[in-house]
Amino acid sequence: AGYALASHNLNGVRMHLHHVLNCLEGPKGKDFDRIIENPCATAGGGAIPDSTDAATKAKLQSIETTALSGLEASDEAAARGAARDVQAALRALK
């Protein structure tokens with residue numbers, strides 16, 4: 001999510017948000033994109049499917065929804081706002 005915020009254009013923001021989405025959903029997720037890098041490929045089947053705690057899973061699903069909103073945004077500021085929210089929510093999970 002931090003890389004999405006540091007990107008220089010909308011395409012970069014979207015690409016890095018999709019990295020986050022790939023990490024959240026894992027390769028069996030409905031929005032997983034095999035063309036986009038999966039930086040979490042060696043970390044399991046995805047944060048959401050691997051989560052065993054219901055509260056954590058719900059938070060991850062909320063983050064997924066926010067990431068998807070950033071991917072769907074046609075406005076760079078809106079996509080960056082979603083990336084900022086994703087980053088904050090991920091940090092709050094620690």
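Analyst: Radius of gyration first: it's taken over C-alpha atoms, and the globule rule is 2.2 Å times the number of residues to the power 0.38. With 94 residues, a compact globule would come out near 12 Å, and the protein chain has 12 Å, so the two agree. This is a predicted model, where local features need pLDDT of at least 70 and side-chain atom pairs count only at pLDDT 80 or more, while totals for chains, interfaces and linings use all residues. Numbering runs from 1 along each chain as its sequence is written, and side-chain values use heavy atoms, with hydrogens and water left out.

The protein chain has five helices and zero strands (DSSP runs numbered from the N terminus: H or I of at least four residues for helices, E of at least two for strands). From the N terminus on, that reads α-α-α-α-α. Along the principal axes, the C-alpha atoms of the protein chain fill a box of roughly 35 × 30 × 20 Å. Of the 94 residues, 40% count as buried, meaning under 20% relative accessible area with a 1.4 Å probe.

On to the pocket itself (an open set of 1 Å grid points where a 1.4 Å probe fits, with protein on both sides within 12 Å along at least five of seven lines; lining residues have an atom within 4 Å of a point). The largest pocket has a volume of about 230 Å³. Its lining is V20, C23, L24, C40, A43, G44, G46, A47, D50, L60, L90 and L93. Helices α2, α3 (47-50) and α5 (76-93) each give two or more residues to that lining, and α2 has the largest share, with three. By type, the lining splits into nine nonpolar, two polar and one charged; Ala, Val, Leu and Cys are among the nonpolar kinds, Gly is polar and Asp charged.

I48 is buried, at 9% relative accessible area. Beyond its neighbours within four places in sequence, I48 is in contact (heavy atoms within 4.5 Å) with L24, K57, L60, Q61 and E64. Two of those partners, L24 and L60, are also in the pocket lining. The I48 and L60 C-alpha atoms are separated by 6.1 Å, though the residues are twelve apart along the chain.

Back in α2 (residues 10-25), there's also H16. At 17% relative accessibility, H16 counts as buried. Leaving aside its neighbours within four places, H16 is in contact with Y3, A4 and S7.

Terms used. Buried means under 20% relative accessible area, exposed over 50%, partly exposed in between (1.4 Å probe, protein chains only). Grid points are joined across faces, edges and corners, and a volume is the space filled by probe spheres set on the points.
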